[in-house]
Amino acid sequence: MLHEKLCSLEKSEPHPQTTLCSVVCTGTCSHFNALSCDECLQLGPRCAWCTLQNFTDFFSINERCDTPEALLQKGCSGKFVEFPVTNVKVLKDQGLGKSANHTNVSYVAPQKMRLQLRPGSQLTFQIQVQEPEDHPVDIYYLMDLSASMIDDLKMIKDLGSMLSKEMATLTSKFRLGFGSFVEKPVLPFIKITHEELANPCRSVDYECLPTFGYRHLLSLTSSIDKFNEIISKQQVSANIDVPEGGFDAIMQAAVCGDRIGWQNNSMKLLVFVSDADSHFGMDSKMSGIVVPNDGECYLDDNNEYSMTAHLEYPTLGQLVEKLVENNILLIFAVTDNQRQNYENYASLIPGATVGVLASDSRNILELIMTSYKELRSEIDLEVLGNTEGLQISFTALCQDGTIIPGCKNCSNVKAGDVVSFNVTVELKGCLAGPRRFSLRPVGFQDALEIELESQCVCDCHQTPEASSAFCSRGRGALECGTCVCDPGFVGPKCECTEASWSMCSGLGECFCGQCVCHPSSFGRVYGPYCECDNFSCLRFRGELCGGHGECDCGECVCHSGWMGEFCNCSTSNNSCLSPDGSICSGRGKCVCGKCECTVPGASGEWCQRCPTCGDICSLPR
């Protein structure tokens, strides 16, 4: 079995922020019968290939594959050993924050690296993250304007001014935006009579706006007066069912970045305000809308969601994808009766938080500030990109000196604090091409970009000696110490023609009329046509030939004193001798060391019991 034990870790430090770890295993790689350099590398991180000519004969080519130490002992000097080493190269590291003295400030270090791993090996490096001291903040206020939110609308008329005042103590770069939503304006979510379409609140004798899906009303701006003015102009609308179309609005606010005005370097907060649950996924099928949401922006010239009556609600998975892709943090500000629903949603959305909103939104300022400070006090790493075939683990080294294995987040972080994470990447097998992924703190724009390559191909294949004299005067190329023959030629040194080639039972190669059998980890393959082996015989109680014979070409040849197809029968009669010295009391024969009674009625270990044997008159006498 390949790599049964992990016995040690080799460590080196190619960069101050990285530690290289590769698995070292006992045993010799030659046991696994690699016939090429590439096959050898893929056996394990400690396997190397000797490219020295005439290092072995062709029939023991697998001996070229072994650990570097074993190859050296066999006489293969270091310059002939192909042994790629797992390593890491930092491509970009401009330091952290203001101390970096760069125009483009980064709060993640390093910013770019390349990893080269052997299959079965692992590598550990460190990433540092600094909490910015004056981070730009964009807050987009997304409000439910269904009729039940009418008192909330009155309460937030001065929200912009109050929020701006509070945020001024935390950042000098703050912007606000506003959007609203109600529901898809189709049956069965609304009434479609002419009167109800014009005024969906007529049943309660109130004048309100026609139902709409989502409207973007104010792009992100530093003008608090514009925000307050927009709020003052808003009117509620209405729909029939309790859940609203809030997830439609979140999707459009996330993907219409140019219209919303999200900055690349800002902390993007989407404040979702509602007193009702939200439709998602296939809920819209009840209205006959069956086209899946495609996650694209559909704001028309009036900044209104134009596909609200044509596309399904987004699924929760689609929302997660787009929020993460656009690096947007979601704050659910919902009433207490909806808290559990939105906590369930938030548990699936990276960086999302939930705050309980008063029935009239009187605590919205406190809720936003609490959520913002909570988000700023936590640094949580997320993995983005394709990591299939990789195993990634983390150890958090937090600002207070706490070390938390298996964790990728730190809490109670203050502005200017630096936290570190040790990241261990393990490669299970070879990759078809370079694998690219990134590590990014949730809510940050900066990230560590990683390119990973699997070391499964030997460099010696890149520089073959074409038409080598070693290969029967130019009948092939010399690669990695062995010949790769030209078409029409075969053999260890390309000395044979293909006309002499045969399959040798599929267990060997024919070189110039003679079969050379492949080595096998199970035993020996032999015979003129490689038709025989010493491991394919019958087994008894798990042992080949019962442990009392040798396997020869598929048949058991029993040791002296044993017989049978499995060599599991003793030829000795001693165990069949009855107390009177006869074999099976004269009533049976000894087979495989046990009595088989042949006289009718006889039984017992030695056939000694037989009620029906003898004279019929002797029984009553």
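Ser 467 counts as exposed, at 53% relative accessibility. Keep in mind that this is a predicted model. Ser 467 sits in the loop between β22 (448–454) and β23 (476–479), and its phi is positive, about 50 degrees, although it is not a glycine. Cys 607 also has a positive phi without being a glycine, here near 60 degrees. You'll find Cys 607 in the segment after β38 (594–597), and it is buried, with a relative accessible area of 0%.

Back to β22, which is part of an open sheet of six strands with mixed pairing, in the order β6-β8-β22-β21-β16-β19. The edges belong to β6 (87–92) and β19 (409–410); each has a single partner strand, so one side of each is left without a neighbour in the sheet. Further in, β16 (residues 379–385) and β21 (residues 435–441) run antiparallel and pair over five bridges.

Now for a couple of prolines. The peptide bond between Ala 109 and Pro 110 is cis, with omega about -10 degrees, and Pro 110 lies in the loop between β7 (108–109) and β8 (112–117). Leu 187 to Pro 188 is cis too, with omega near 0 degrees; Pro 188 is in the loop between β11 (174–181) and α5 (194–198).

Then come the disulfides, and a search of the whole structure turns up 21. One of them joins Cys 37 to Cys 458, S to S 1.8 Å. Cys 37 lies in helix α1 (residues 37–41) and Cys 458 in the loop between β22 and β23, so this pair ties together parts that are 421 residues apart in sequence. The link is left-handed, with -90 degrees about the S-S bond, and both Cys 37 and Cys 458 are buried.

Cys 537 and Cys 551 form another, with their sulfur atoms 2.1 Å apart. The torsion about their S-S bond is about 85 degrees, so that disulfide is right-handed. Cys 537 is buried at 8% relative accessible area, and Cys 551 is buried at 9%. Cys 545 and Cys 556 are joined as well, S to S 2.1 Å, in a left-handed link with -90 degrees about the S-S bond.

What about Cys 407? Its sulfur is 6.7 Å from the closest cysteine sulfur, in Cys 398, which is too far for a bond. Cys 407 still counts as buried, at 17% relative accessibility.

Methods
Residues are numbered from 1 along each chain as its sequence is written. This is a predicted model: local features need pLDDT of at least 70, side-chain atom pairs count only at pLDDT 80 or more; totals for chains, interfaces and linings use all residues. Side-chain values use heavy atoms; hydrogens and water are left out. Two strands pair if DSSP finds at least two bridges between them. Helices (H or I, at least four residues) and strands (E, at least two) are DSSP runs, numbered from the N terminus. Buried means under 20% relative accessible area, exposed over 50%, partly exposed in between (1.4 Å probe, protein chains only). A disulfide is a pair of cysteine sulfur atoms within 2.5 Å.
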